[in-house]
Amino acid sequence: MIRRRPLLSVSLALLAGLILLAWSNRVHLAAFPGIIGAYSAKEYCSCRYVSGNPAEYCAGYVEQYLPLGALHDDAERKRVTAEGLGSRQTAAWLGERHGCQLQSQADPL
Amino acid sequence: MPRRTLLAAGLLLSAGPLAAETWPIPEWSSQPAAVTPAVQSLDDYAFPVRDDISRAGVRSDALLVVKDGVIVHERYAAPTTAQTPHLAWSVSKSLFASVLGVAYGEGRFKLDDAVAKHYPPFAAHPEVKIGHLLNWASGLDWQEDYEYAPLKSSVVAMLYTRGRADMAAFTASHGAAAAPGTHFSYSSGDSNVLGASLKAMVGEPAHSHYPWTALFEPLGIGSAVWERDASGTFVASSYAYLTARDLARVGLLMQRDGRWGERQLLPASWVAFNRTPFANYRPDPQQPDDAVPGGQWWLNAQVADARRPWPDVPASAFAALGHWGQGLYVLPEQKLVVVRYADDRDGSYRHNELLKRVLAAYGEQP
């Protein structure tokens, strides 16, 4: 088999390796898509409502190498929702001393 | 001599050493120095022309120098101002150690208490002591890297995904990589377990206001914000916000060995512990500029046969240091406190270079 179909054999071995790697990192991989939305929502919220920086500055401040699908700042309720890699996350400003916190449920966009 | 005169003389005598000291009570006094070439050179290093497109180079948001209790240098870069409570990132760890120092002075815990005594989920790690956490030597299998290994980074998972609802419980769920107290491994998880331990140490409802009642209010700090996770634990590792002027108050407290005015707010022995190198720390020859871990503070100490991390700065200097260039530096011999807030994205900033220029401008004894 290996001698007759070397390309297929190598591809199969690579695929098997990838599946093994993904399986051994499944907990990390499952959480990964949430990072960009959560980071952006939380740090934008704090930049804007804790530090009191301008909205435009905060949008640039949270910019990363991965693109953000959407960033919505509900200024009236001080809730910030961000979406990236298909995962939507919301951070809310809770009060003067306690600043912003990621919420367990994201707001609709 | 009549008794009243004696009493007055006694008061004068006891006020003697204090009267010579300047404190920011209630407000800082500010005496900006003349712009000498040394002062200009400090500003040139801290505030080069800022490139907001590439975000390259040194990008200071605030620089404040306090000499013997008086502001001598203060500059901000927009949008940060003197009124901005700036994110301290990991400077928060050292601030939280100062909060804990007050609890320590109140007899609420000992360094050799098992963490599990104050934070039950650490029953899974019964040998880990509070002192081990303070030295970042819990021995837990923790991955602190963030920007280069985001997939497996424990700290990213803790702050933003799997751990965010209860950061200390997330930390406690990690296995052991080394025996507690044997090995330094910088961990934001260790710091947040300290955060969770404070709950039982002081109890509710006192806990939810403790950083303010214990530390910020006595120091006259009005700007402090400290974010919590969903379980109510203060994110001791990362999420304190203060103005530069308020952060400098903590620096002055540390410069004066835990004393604020006439009150010994932190036991001098606690500050001494903060400033003692972790006994089992071995410097990494590949990273000669890395400061030496003390008790949640960083030291410019000379350890083993390594050189001082910041060669142009006295060995007695110590600091609270955070991501993207945040720093609170204390140089007790020179009576200097330096606050630097920043948004450094490329690691080109050097503590030694900034402090060398601070020393050239303001280093001589008053």
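Two residues are said to be in contact if their C-beta atoms, placed from the backbone, lie within 7 Å. Among contacts in chain A between residues at least 6 apart in sequence, 51% join residues at least 24 apart.

This is a predicted model, in which local features need pLDDT of at least 70 and side-chain atom pairs count only at pLDDT 80 or more, while totals for chains, interfaces and linings use all residues. Residues are numbered from 1 along each chain as its sequence is written, and chains are lettered from A and ligands numbered from 1 in the order in which they are written.

Chain A holds four helices and four strands, where helices (H or I, at least four residues) and strands (E, at least two) are DSSP runs, numbered from the N terminus. Along the sequence of chain A, these elements follow the pattern α-α-α-α-β-β-β-β. Chain A is more spread out than a compact globule, because its radius of gyration is 20 Å, well over the 13 Å that the globule rule gives for 109 residues; the radius is taken over C-alpha atoms, and the rule is 2.2 Å times the number of residues to the power 0.38. The C-alpha trace of chain A spans about 70 × 25 × 20 Å along its principal axes.

Where the chains meet, 23 residues of chain B are in contact with 24 residues of chain A. The elements of chain B that give two or more residues to this side are listed here.

| Element of chain B | Residues |
|---|---|
| β4 | 86-87 |
| α6 | 154-160 |
| β5 | 225-226 |

The largest share of that side, three residues, comes from α6(B).
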